[in-house]
Amino acid sequence: MSAQVRVVSGGLSTTVQDLGRTGRYAIGMPPSGAMDQFSFRVANLLVGNPEGAAALEATYIGPTLEFTDERIVAVTGGDAAVTLNGEPVPMWASTRVTSGDVLAFGMITTGARPYIAVSGGVAVPEYLGSRSTYTLIGLGGHEGRTLTDGDVLPLGDASGGTQGAVVPDDLVPQFPSDVEVRAVVGLCSYRLTENALESFLGTPWRITKDADRVGYRLRGGTLDFVEREQPFGAGSDPANVVDLGYPLGSIQVPGGDEPIVLLGDAVTGGGYVTIATVISVDRDLFGQAKTGDTIRFRDVGIDEALAARADRTRWLDRIRSALA
């Protein structure tokens with residue numbers, strides 16, 4: 001029998017993800033992939049996998065998994081009580097499991113999404129070069145959907161990983177409920193009045209219940225548009241523009257209220273105003289933000305966005321060195 005992991009319980013919303021289905025945006029295919037790519041990469045590092053190996057992303061309540069052979073597993077991301085055969089195991093550390101062992105989760109306490117990596121990776125078939133799940137149209141991952149009770153996932157050959165590897169405490173990220181998100185203002189920000197743009201940046205926006213892998217809807221204020229004549233090719237609503245591409249992380253303001261931050265499973269273009277784009281590093285923050293949390297936006301330039309990416313790379317390099 002080939003190596004596999006059995007899903008005793010799928011949790012609230014658990015999918016197979018990797019680093020994403022990149023290079024297909026021009027044909028309307030979003031990347032999907034792990035919402036919190038930093039935590040995802042570290043989970044794979046802990047079990048000796050390539051950083052892009054397929055693993056599991058859970059939301060709020062993790063799955064219950066039964067293993068059929070000896071493996072190294074690690075859980076990173078949002079904090080939750082994790083147990084192995086009923087005994088607590090630490091997060092951000094590697095643990096050995098054997099045939100019949102059961103890994104289970106309690107409700108998340110901080111953050112929103114735990115990541116579960118298994119040595120050898122989850123060996124579901126690739127689709128367009130990725131094993132990530134895109135549930136909106138049912139492709140990739142395990143049958144294009146979230147995991148359910150009784151599913152069986154194939155595992156790859158486990159060639160690395162050791163028990164007891166631990167990420168140092170000072171390198172473990174924190175997931176507060178009130179976060180500052182850096183964004184580059186642009187694209188259609190000219191549609192907002194000057195006061196409205198200042199209000200957007202000065203408002204503490206609260207995450208609504210409409211927050212998932214497609215996008216996060218926010219609430220907290222109303223933004224006014226500059227008066228105009230309806231251009232040819234655009235809708236009549238002040239929030240409409242002539243159709244354009246939506247960068248990953250772009251922020252729409254349909255109707256002038258309840259901004260929507262578009263994430264890994266979002267559509268790639270359309271005719272709504274997009275006033276800013278969350279920098280790539282800070283998209284991870286939405287992966288660990290939940291309903292009721294507060295988001296504050298800060299306008300940055302390209303240089304600061306690139307510097308933030310370099311800082312993140314150095315952070316990962318420190319973890320790689322600590323685990324070597």
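A salt bridge here is a side-chain nitrogen of Lys or Arg within 4 Å of a carboxyl oxygen of Asp or Glu. By that rule, the side chains of Arg314 and Asp311 form one, at 2.3 Å from N to O. The model is predicted, so local features need pLDDT of at least 70 and side-chain atom pairs count only at pLDDT 80 or more, while totals for chains, interfaces and linings use all residues. Residues are numbered from 1 along each chain as its sequence is written, and side-chain values use heavy atoms, leaving out hydrogens and water.

**Overall build**

- The chain has 4 helices and 18 strands; these are DSSP runs numbered from the N terminus, with helices (H or I) of at least four residues and strands (E) of at least two.
- The radius of gyration is 20 Å, which agrees with the value near 20 Å for a compact globule of 324 residues (taken over C-alpha atoms, the rule being 2.2 Å times the number of residues to the power 0.38).
- Buried residues make up 52% of the 324 residues (buried is under 20% relative accessible area, exposed over 50%, partly exposed in between, with a 1.4 Å probe and protein chains only).

**Salt bridges**

- A search of the whole structure finds 23 salt bridges.
- Arg314 and Asp311 are 3 residues apart in helix H4 (residues 302-323), which means about one helical turn separates them.
- Both partners are partly exposed: Arg314 has a relative accessible area of 47%, and Asp311 has 44%.
- Asp265 and Arg213 meet through their side chains at 3.0 Å, N to O.
- That pair links distant parts of the chain, 52 residues apart, with Asp265 in the loop between S15 and strand S16 (269-272) and Arg213 in the loop between strand S11 (205-211) and strand S12 (215-219).
- Asp265 counts as buried at 1% relative accessibility, and Arg213 is buried at 11%.
- Arg219 and Glu258 form another salt bridge, at 2.8 Å from N to O.
- Here too distant parts of the chain are linked: Arg219 in strand S12 and Glu258 in the loop between S14 and S15 are 39 residues apart.
- Arg219 and Glu258 also belong to a salt-bridge network with Lys209, Asp210 and Arg217.

**Loops worth a look**

- Glu258 is not a glycine, yet its phi is positive, near 50°.
- Tyr60 has a positive phi of about 70° although it is not a glycine, and it sits in the loop between S3 and S4.
- Tyr60 is partly exposed, with a relative accessible area of 21%.
- Ile61 is found in the loop between strand S3 (55-57) and strand S4 (64-67), and is partly exposed at 34%.
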